[in-house]
Amino acid sequence: MKPASGDASRFPVFYTVIGGITASVGLELFLHPHDMIAGGVTGISRLMSLYTQEHFGLLLFVLNLPLMLLYSLYTHKPMLLRALPGLFAFSGSAIILSPFPAVSGHPVVCALGGGICIGLGAALTARHGGLLDSLGLSESDDGRPSTLVLTHRKIPLIQIVMLCNGLLLITAGFVLGWEPALYSALSCLAAYETTRLMFTGLRRTVCIVSKKQQTVEDAIYRRLRLHGTPIEGSAQIKGKMKSESDKKEQMVIVYSVHLLDWQRFKAVIQMADPQAQIMHMKCWET
């Protein structure tokens with residue numbers, strides 16, 4: 001048992017910029033030298049750049065910007081301002097890295113390496129409020145998957161994105177050849193699995209002991225979108241460490257926290273209740 005401590009993510013722009021640079025490394029040093037493409041608007045930008053002779057990084061920014069603006073207006077969220085630093089870094093570093101040769105001459109290695117870099121960059125950016133591709137997945141404020149109302153039916157956004165990526169890969173097969181298209185599909189799969197691991201991978205179950213239960217819960221949900229589970233009868237859990245007068249006041253809240261959110265999680269608790277304590281579990285969940 002020890003008090004909550006740590007630094008909050010005071011510099012989300014820094015992480016979104018690093019995410020953008022990481023994703024561009026996957027594109028320019030792994031995929032593009034072997035005529036592979038990524039999914040979403042990123043892949044569309046690459047195909048357009050091959051025919052218009054415009055630079056990929058410029059098209060990436062030009063195509064993403066209006067779509068992100070429309071999304072911000074539709075959802076009434078200030079998403080565009082949070083996405084701009086990562087998008088600038090993504091596009092700018094793609095322009096800088098484009099003259100460099102591929103890291104490897106083996107297409108399988110580049111497909112997997114590029115997908116992993118793109119997944120890492122996209123997940124790192126998304127976890128700090130940014131977005132590299134306007135077809136990237138997002139969640140609603142209550143944590144449920146986003147949906148699109150079409151012909152009076154709600155269609156999960158992930159299905160629409162998968163359909164768009166499938167059509168994009170088929171188009172790439174006709175334009176670039178079926179072998180690069182198959183490697184591109186492998187890269188997209190690697191990027192998806194890497195992103196999924198970054199969001200739902202290693203998690204730690206912890207108990208938060210606080211007299212300000214509601215304040216702590218509200219702060220954690222507002223900053224990290226995490227829901228806690230209060231434990232009734234927490235006096236028995238803390239009985240050996242607290243006096244009888246404190247037993248009635250102390251509340252225990254259980255959270256499952258991702259490894260990448262651990263420092264931010266502790267810092268949010270520190271700001272909400274400096275007297276709060278964290279009871280660490282001994283194992284990491286997968």
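# Worked exercises on a predicted model

**Exercise 1. At what angle do the axes of helix 8 and helix 11 cross, and how do the two helices lie to each other?**

Start with the axes: those of helix 8 (residues 213-224) and helix 11 (residues 262-272) come within 9 Å and cross at roughly 140°. Keep in mind that this is a predicted model. The cut-off for roughly antiparallel is over 145 degrees. Helix 8 and helix 11 are therefore oblique to each other. As for handedness, their crossing is right-handed.

Now look at who touches whom. Helix 8 brings T215, V216, A219, I220, R223 and L224, and these meet R264, F265, V268, I269, M271 and A272 of helix 11. Sorted by class, the contact holds nine nonpolar residues, one polar and two charged.

**Exercise 2. How many residues of helix 11 are buried, and which are they?**

First the count: eight of the 11 residues in helix 11 are buried, so the helix is mostly covered. Then the names: W262, R264, F265, K266, A267, V268, I269 and A272. Go back to the contact with helix 8 and you'll meet some of these again, including R264, F265, V268, I269 and A272.

**Exercise 3. Follow the chain on to D273. Where is D273 found, and is it buried or exposed?**

Then check its cover. The relative accessible area of D273 is 4%, and buried means under 20%, so D273 is buried.

What does D273 touch once its neighbours within four places in sequence are left aside? The list is S210, K211, K212 and V216. For K211, compare sequence with space: D273 and K211 are 62 residues apart along the chain, yet 8.2 Å apart from C-alpha to C-alpha.

**Exercise 4. How do helix 1 and helix 5 lie to each other, and which residues make the contact?**

The axes of helix 1 (residues 12-31) and helix 5 (residues 107-127) come within 7 Å, with a crossing angle of roughly 165°. That angle is over 145, so helix 1 and helix 5 count as roughly antiparallel to each other. Helix 1 passes helix 5 in a left-handed crossing.

On the helix 1 side, the contact uses Y15, T16, I18, G19, G20, T22, A23, G26, L27, F30 and L31. Helix 5 answers with V109, C110, A111, G113, G114, C117, I118, L120, G121, L124 and T125. By class, that gives 13 nonpolar and nine polar residues, with no charged ones. Watch the bookkeeping here: Gly counts as polar.

**Exercise 5. Which residues other than glycine have a positive phi, and how exposed are they?**

Take D35 to begin with. Its phi is positive, about 60°, although D35 is not a glycine. D35 lies in the loop between helix 1 and helix 2 (40-52), and at 37% relative accessibility it counts as partly exposed.

Q53 comes next, with phi near 65°, again a positive value in a residue other than glycine. Q53 belongs to the loop between helix 2 and helix 3 (56-75). With a relative accessible area of 65%, Q53 is exposed.

E54 is in the loop between helix 2 and helix 3 as well. At 40% relative accessible area, E54 is partly exposed. Not counting residues up to four places away in sequence, E54 touches S49 and L59.

**Exercise 6. What does L168 touch, not counting residues up to four places away in sequence?**

Locate it: L168 is in helix 6 (residues 157-176). Its relative accessible area is 9%, which makes L168 buried. Now list its contacts: I37, A38, G39, G40, G43, I44 and L47. For a sense of the sequence gap, L168 and V41 are 127 residues apart along the chain and 9.5 Å apart in space, C-alpha to C-alpha.

**Exercise 7. Zoom out: how many helices and strands does the protein chain have, and what share of its residues is buried?**

The chain has 11 helices and seven strands. Of its 286 residues, 41% count as buried. Take the contacts with a separation of 6 or more, and 77% of them come from residues 24 or more positions apart. Finally, the surface: the chain exposes about 15600 Å², with 66% supplied by carbon and sulfur atoms.

Technical notes
Residues numbered from 1 in each chain as written. Predicted model: local features only at pLDDT ≥ 70, side-chain atom pairs only at ≥ 80, totals over all residues. Heavy atoms only, no water. Axes fitted to C-alpha atoms, helices over the stretch in contact; angles between N-to-C directions. Helix = DSSP H or I, 4+ residues; strand = E, 2+ residues; numbered from the N terminus. Parallel < 35°, antiparallel > 145°, perpendicular 65-115°, else oblique. Left-handed = near helix turned anticlockwise from the far one by under 90°. Contact = heavy atoms within 4.5 Å. Buried < 20%, exposed > 50% of the residue type's maximum accessible area, 1.4 Å probe, protein only. Areas by Shrake-Rupley, 256 points an atom, 1.4 Å probe, with all protein chains shown as cover.
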